[in-house]
Amino acid sequence: MDIFYTSDTHSYVYPTDYVSREEKAAGYMVLSSSFPDDALKIDGGDVLQGSPLVRYEMKNGIHPLTAAKAFNAACLDVFVPGNHDFDFGYDVFRGFTESLNADVVCANLEDSRGMLKVRPYTVAEKGGLKIFITGAVTDYVGVWDKDKITGMKINDCVEALKAILKNNPDAADADFRICVYHGGFGNESGIIKENRADEIAQLGFDVLLTAHQHQVIRPYRINDKVLTLQAGSKASCFAHIILEKGKAPAAEIIYPEKRFSLSSRMLALRNSDRRDEELDEFLDQKAGKVDGVLEDRSRVYSFIHGSSLADYINDLQLALTDADVSAASLFNAPVSLSSDITMRKILQVYPFSNTLVTADITGKQLKKAMERSASFVDYIDGQYVEASDFSPGKDERYNYDFYRGIAYTFDLSKPKGERVTRLIWKDTDLIENPDRKMRIVLNSYRASGTGGYDIYRDLENTKAISIDIQDALIASFEKGCVKVPCKTDFSVKI
């Protein structure tokens, strides 16, 4: 039996990266065009956020989503939801999953309303093989989306998967047992862990298909037993798993050929509504002007010199709230804004629909959080370089934060954890006055404590503000010509 696995597509359906109108050898239409009809097709979740397409469809109430249509056209067999599929609450999640022809599987999702088309596992029988398939989503959904999952509960994924396997005749009689985990690998501490694939690999599965971390992890075996892998993100590649009775599972990661062709089903879907052309016209609309350049240069350059784009986003966050201090991250690929701004450019700059959170924070807590950001770059052999231990195995530039409303200095000659050597707020030295309180504004992703910012989970008077940062950015440009903000009082010493 052949299995084809994708995950973290984020509704990258068409052969495009949305940066330009040029076609690319990527997108679910391209990948699935090479999946044979008699193969088993599985997707590991994260569809409802992350691309201009899904944002456009969600904002305009378009249903079913193009991603759901593409899954159905590809004859997707099993869908395991990702954390972003819960971002918009029970009704949106229910509507999306009901539009799928696939079995929706999630062992650690508890439905208190009893209306979701979700099961803890499924069994597929093809080619004379019986395949037991279960799945789970990262426990962190209960942290990130705790206010959005009313009617649902995300239970401990390891315990849920253990329970599914225990005394289950379908699992015992299967030729192969597969777990699809929307989470990845990591050595994390704390009561709630984001990535628990290492633990799940010990439960007795033959194949562990991971997701969430947006990595391409080529197939390998854990303890010479469990075959595991991860298939990237944004439908850039897929995994092909081969199961044969009496043999160990095998797998490969496959990238589409540059000269690709769409299957007849995908061509029919693309021609049915021409949503890609409609979206291109929308993205190329002018959305405003900048009097200068909102700059984000190379990643290390912006760390050393700051970024006027980050300053602008921080100023916007401060203007939308009653906060004194703001922290904002930029994303992995540096993008600057200048002259005439289009919707496409804005969504490139800020691709996710984060909301805002405010909370009270002390100088001591703020310094601890900033020490995490200060560890992003090292000075080695006369050069500034990204620290290899900041995000091992994954590109996590978005876990470096820029700050506004304070004056600060990072000293790279100091050990990590001691690099914030100047921290001033309203003429108060927060290093000498660590108990001084102020209010900080963060995006909802960072406020959950993810990315190494555990300290944010301990903040008091936390308040969620349902302002979509993408919408706020678009609205700010629509008001008139945007001026480049003054530079933050920030410096780096070596």
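I began with helix 4 and looked up what covers its buried residues, and the list includes helix 3 (66-73), strand 3 (78-79), strand 4 (103-104), strand 5 (109-111) and strand 8 (152-154). Before going on I noted that this is a predicted model, in which local features need pLDDT of at least 70 and side-chain atom pairs count only at pLDDT 80 or more, while totals for chains, interfaces and linings use all residues. Residues are numbered from 1 along each chain as its sequence is written, and side-chain values use heavy atoms, with hydrogens and water left out.

For my own use I wrote down that helices (H or I, at least four residues) and strands (E, at least two) are DSSP runs numbered from the N terminus, and that buried means under 20% relative accessible area, exposed over 50% and partly exposed in between, with a 1.4 Å probe and protein chains only.

The buried residues of helix 4 (residues 90-98) are Tyr90, Phe93, Phe96 and Thr97. Seen down the axis of helix 4, they fall within an arc of 135 degrees, so they line one face of the helix; the arc is that of the directions from the helix axis to the C-beta atoms.

Next I turned to a sheet, where 5 strands form an open arrangement in the order 21-16-25-18-26 with mixed pairing. Its edge strands, each pairing on one side only, are strand 21 (401-404) and strand 26 (460-465). Two strands pair if DSSP finds at least two bridges between them.

I then followed strand 18 (residues 356-362), which pairs with strand 26 in the antiparallel sense over 4 bridges and with strand 25, also in the antiparallel sense, over 7 bridges. Threonine 358 has valine 441 as its bridge partner in strand 25 and stands opposite lysine 463 in strand 26, whereas the partner of valine 357 in strand 26 is alanine 464.

I also checked the burial of strand 18 and found that 7 of its 7 residues are buried. Leu356, Thr358, Asp360 and Thr362 point one way from the strand, and Val357, Ala359 and Ile361 point the other way.

How values were computed:
Contact = heavy atoms within 4.5 Å.
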